[in-house]
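Dear colleague,

Here is the structure for your files. My notes on what was found in it follow below.

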Amino acid sequence: MNRWLFLFVFSIIFSLANAQYFQTGQDPASIKWRQINTDNFQLIYPDYYELPAQKLAYVLEKTYRYGSYTLHYSPRKISVILHTQTVSSNGLVALAPRRSEFYTTPHQDIYPQEWLEQLALHEFRHVVQIDKINSEIPKLIRLIFGEQATALVFGAYLPWWFIEGDAVVTETALSNYGRGRFPSFLMEHKAQVVEKGLYSYDKAYNGSYKDYVPNHYQLGYYLVGSVNERYGSEVWNSVITNVGRKPFSFTPFNSALKSATGFGKTQLYFSVFDSLKNVWLETDKKYHSIPFLEISPLAKSYTNYTYNHWLNDSILLAYKTSLNEIPSFVSINAKGEEKKIFNSGNIFEESVSYRDDYIVWSEHIPNPRWTHSGKSLIRMLNIHSKKVIEMKPEFKCFSPSISPDKKMVAVIESDFSSNHYLSVYSVSDGKLLQRIQTPENNYMFSPEWLNESELALVILTNSGKRLAKINLRDEAMTVLVNKDLGDIKQLRYANPYLYFICSYSGKNALYTYNLSNTEMSLVYEPRFDVESPAINTTKNKIALSDYTADGFRIIEVDRNNLEEKPIAEIKEANYQLAETLAKQELGVPSFDYEEDTVKYPSKKYNKAAHLFHFHSWAPFFEDPDDYSVGTGISLMSQNKLGTAETVLGYKWDTSEETGKFYARYSFKGWYPVFDLEVESGKDASEYYSIAQTKNQNGDVIRQDTSLERFTWNETNVNLGMRLPLLFNKGAFHRFLQPEIQYELTYYGHDPSTPESIFEGSFQSLTYRLYFYQLMRQSAQDVYPDFGIVIDGMYRHSPWGTSSMGNLSALQSYLYLPGLMKNHGIRLYSGIQQKEMGNLMGFSEVIRYPRGWGKINSTEMYSLGIDYKMPLFYPEWSLGGIAYIQRVKASVFADYAGLKGNIYRSGKVVGKFDKQFSSTGIELTGDVNFLRFYAPVELGARASYLPEFKDVYFDLLLSFSFSSL
């Protein structure tokens, strides 16, 4: 590999490592924090979360020995931060700084295990992976780089399918459930392989814009689990050891994997999935379906139709998601014709329901300022009048269900202390009518009204999910089926039957429970998976979302043709791979927690005392905020709550042979964000010096011109305050940020500085208001279909020894749909006015026509138009070097007019008025280099400048870390 390719590869690797230094956001400033310190964990949590934190500390300590067993490594103590007010449900382990974060609210699609136990098993395995890598990295490298050394090796060399697959294997093997026993998790690869065959390794790992590709959790479970099954779990211990010990090798993961199994990553993928393919094809041959009618229209791109409802005997409502469209509610008539009803917002899992001509759903509304906070919004739409009723519940709520009289909505609700309720709200005024909590604080799912006073629902117990019924009058709950049925969801009532989706047989299939005689039966088993039953009692037909490799289609089956099979005759699912993996572990840890016998000491966590947490350093200058790297040294801090970031360093300019001390501090713990940046040191330049030699008469007999170097002292101070506010709702993302910024630049002389060089300070104030409202984009969209961006700024210099004048600017973007789906139009306009100071003025703000350099002006306006489109999806794999997913093209035209001063000897001697333009084309591709998961957008621009009658070319390059 030549040195230029090495440098390019290293830049990508280092950028990926920096992506591990990231902010997940902040919690509300009003929270008071406490901490529990056990032998292996520090839990940091809000003061009102004491009891759940105590239980979680117990669960984590129990997990410690089990979760580290197969990697033979006991990790260092780690901090776990609990975000209790967010409506997101997630968990993560981060590097630089090293910590774990738990989002404590469960969602409606969790498998049959308590949510915090799921997080503990899965996320702790990541802790073991990371620390195992760290322990094997040579000490000198850790000494030089700090925690980012681990981030560099971990992020660059371990494929995401291994990182997440190994954690899914662990959560499955150490519990009675886990995603390895979750049919909806397992069936996507099966459908793809049976119907479309195997994808290339690059496509299976890095994804596709053209087809749906199961994610790296699913891919990783099959690959990691199959290796464990074939060769034993010791393989991954040796692989991680090799990766850590050989950080400067280009293929430590692949070489260790090949040494242990005989297969590299690509060969392993084909070996595993060829075997699975044979099994799946044989199983598929044995499947025989009853007759059905496909009623959803044939889609050109991967499309899901879910959450179905019969509006009448001939029109079906559904929720549509697709690779080439944003999510929406649609209606489908008897002819298969589709009509869009409403573009939704960010809907929670399993949180759509219907009653007659009403749709109700629960939507995620973020807190305007605090990322780790938010609320749920219940929205109820009448599809005929298009009137939307909104209800704002007190806490986080999911899975709304409308009562038969349409006067009440029942929801599953969780408060900030992880208390779970069935709550009933009034439709007319949004007031809380009733809130019911079980004595065991069971989490609940899928409420379905049986009558005005009774609801069926699913409850989560220590033994799994159970089908139950609750009476609102006396708040009594009755368990209908006290049997472990696996996953249960999507209850639908049609007297006397309660229909539901259940995974008992190993597939998500349609079952019924007869409320009159308590009999339970399997009524429809799919080829792969079904969801979202809609029951038409007048026509005796059932609509189901039936999974294929191209997404969930809607099929209609005749209820009379269904052959009911009693639950006693159904063979319970056997997840052979999961059982094999379980035998390689110590067993399933018991998380039975008794509050009276287990109690950890807790104390206050002082936010002010923990503003700094220095975690990484480097023998070069690095700013993780903008991924810049240069000569020098650097020291980085980010506190555990994510409210303060610090970068200290010394930057050396190799071309000028000068250095500057640098410090940046950002505080995000209050409603406004404060940023301080200071840079101080020397700058250098050169001037031409003329040396004359004279004779005794004073005549010049020789004149020599030499280039003299000089330096000066320069200090730059930048102090800013901004207020980032997010107002996402419905189909639009909205963001508003007012900000004010103070800048000081001081120039001082040293002995080498010529007297003619300016000495003194420039000071400026900048006021800026930035706003956007952008429609959500589908995966294949190149621009949002609709949107506007407005950016206004005023900058002036009220103080200082010299004035820089002032500048006012306004620029905007307008997004419109193109002529074809996924095409887009972007219109740009900008205008600015500038008054020069007595020595210099502010830099230009608005956009210049592409291909042109900047000209100092006093007035300027600028216009531009882009028409951008995806050209094709080649999915070319170039020998593991590059994987090209998509090629896009954009044609553009820019125009600008400028007015300005003409200077001579520092004085204005005239004015100019100039117009110029450019047209051209941009061709870019979305590329994954060296099978890194983060894509690169790489391409070129050709700009034709009519005034010069010439074409200019530019290289276009940008990184995206949104997929990490």
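Leu744 touches Thr715, Asn716, Val717, Ser761, Phe762 and Gln763, leaving out residues up to four places away in sequence; contact means heavy atoms within 4.5 Å. Leu744 sits in strand 41 (residues 732-749), strands being DSSP runs of E with at least two residues and helices runs of H or I with at least four, numbered from the N terminus. Its relative accessible area is 22%, so Leu744 is partly exposed (buried is under 20%, exposed over 50%, partly exposed in between; 1.4 Å probe, protein chains only).

On provenance: this is a predicted model, where local features need pLDDT of at least 70 and side-chain atom pairs count only at pLDDT 80 or more, while totals for chains, interfaces and linings use all residues. Residues are numbered from 1 along each chain as its sequence is written, and side-chain values use heavy atoms, without hydrogens and water.

Glu363 belongs to strand 12 (residues 358-366). With 0% relative accessibility, Glu363 counts as buried. A polar atom of the Glu363 side chain lies 2.7 Å from the backbone nitrogen of Gly730. Beyond four places in sequence, the contacts of Glu363 include Lys729, Gly730, Lys375 and Arg379.

Helix 3 (residues 115-136) packs on helix 5 (residues 147-157) at about 110°, with the axes 9 Å apart; axes are lines fitted to C-alpha atoms over the stretch in contact, and angles run from 0 to 180 degrees between N-to-C directions. Gln129, Ile130, Ile133 and Asn134 of helix 3 meet Thr150, Val153 and Phe154 of helix 5.

Regards

Definitions and conventions
Polar contact = N/O pair within 3.5 Å; in protein donor to acceptor, adjacent residues only side chain to side chain.
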